Amino acid sequence: MLHGIGMTSQRTRARMIERLREKGIRNEAVLAAMSAVPRHIFVEEALASRAYEDHALPLGMGQTISQPYIVARMIELLLDGRSALGKTLEIGAGCGYQAAVLGQLTNEVYAVERIASLLEKAKVNMRQLQQFNVRLKHADGQMGLPEAAPFDSIIVAAAGERAPPALLQQLAPGGRLVLPIGTTEQHLDLIECTSQGWVEKRLDAVRFVPLLAGTQ
Ligand code: SAH
């Protein structure tokens with residue numbers, strides 16, 4: 001039985017990587033990281049058989065586990081033209097799927113989540129995966145994480161009306177921030193901290209849960 005589940009997971013995971021390639025993900029390091037993280041452990045048991053489909057899935061508390069393509073796309077944007085992610089901050093960890101993928105690509109990941117019960121799930125998941133290079137914190141990510149700043153890469157998994165100023169302030173020189181912007185209509189934004197200031201690029205239309213203030 002267990003063996004059967006393992007085989008299915010391997011085959012469907014390989015298919016997920018094929019779909020990511022078809023959709024245009026080219027960075028082999030990103031594809032390898034996506035392939036290394038078992039997405040089924042992050043979803044509720046009843047949905048485990050759908051874990052490798054390219055969709056967002058419910059993770060409880062009205063939140064969703066991000067679509068694999070979007071996770072891969074945003075990380076590819078952070079990496080594009082750079083050799084490494086460096087010290088990385090994720091805002092909106094949920095139960096930790098994207099944080100685990102980031103943890104495959106760089107050795108220092110900080111991930112912040114505002115809902116305590118999801119953060120607890122993320123901690124259990126990281127322990128199960130023995131992913132010890134991801135540090136999880138219960139906080140309002142709009143403030144960033146001053147005690148660990150500056151960051152070479154910041155990735156936000158929930159959409160606000162504008163880039164939170166604290167996140168811009170916490171970018172290292174040459175650092176990059178990728179985040180969804182908007183309410184009903186949303187797009188991805190890529191912001192780079194250059195010697196001439198912040199340079200912003202507006203990219204794909206997307207759909208994310210809202211970036212909310214405070215913790216619960
Ligand atoms: N990264 C997750 C996606 C979770 S959905 C994954 O890989 O599946 C986005 C998450 O952002 C939700 O869990 C939500 O609670 C969280 N969030 C929203 N606003 C936030 C804020 N201000 N600070 C931290 N987390 C926030």
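Modeller: One term before we start: contact here means heavy atoms within 4.5 Å. Also, this is a predicted model.

Biologist: Fine. Which residues is asparagine 125 in contact with, leaving aside its neighbours within four places in sequence?
Modeller: Ile41, Phe42 and Cys95. Isoleucine 41 is 84 residues away from asparagine 125 along the chain, yet their C-alpha atoms are separated by 7.2 Å.

Biologist: Where is asparagine 125 found, and is it buried or exposed?
Modeller: It is in helix α5, which covers residues 116-129. Asparagine 125 has a relative accessible area of 8%, and the cut-off for buried is under 20%, so asparagine 125 counts as buried.

Biologist: Switching to the ligand. How many residues surround it?
Modeller: 26 residues do, and the closest are Glu90, Gly92, Glu113, Gly141 and Leu212.

Biologist: What lies 2.6 Å from a nitrogen atom of the ligand?
Modeller: A backbone N or O atom of leucine 212. For aspartate 140, a polar side-chain atom lies 2.9 Å from a ligand nitrogen. Arginine 114 has a backbone N or O atom at 3.3 Å from a nitrogen of the ligand.

Biologist: And how much of the ligand does the protein bury?
Modeller: The ligand taken alone exposes 580 Å², and the protein buries 99% of that.

Biologist: Last topic, the strands. In what sense do β1 and β2 pair?
Modeller: Antiparallel, over three bridges, with β1 at residues 57-60 and β2 at residues 63-65. In one of the bridges, proline 58 is partnered by threonine 64 of β2.

Biologist: What is in the turn of that hairpin?
Modeller: Two residues lie between the strands, and methionine 61 in the turn has a positive phi of about 55 degrees.

Conventions: Residues numbered from 1 in each chain as written. Predicted model: local features only at pLDDT ≥ 70, side-chain atom pairs only at ≥ 80, totals over all residues. Heavy atoms only, no water. Helix = DSSP H or I, 4+ residues; strand = E, 2+ residues; numbered from the N terminus. Buried < 20%, exposed > 50% of the residue type's maximum accessible area, 1.4 Å probe, protein only. Pairing = 2+ DSSP bridges. Near = heavy atom within 4 Å. Polar contact = N/O pair within 3.5 Å; in protein donor to acceptor, adjacent residues only side chain to side chain. Areas by Shrake-Rupley, 256 points an atom, 1.4 Å probe, with all protein chains shown as cover.
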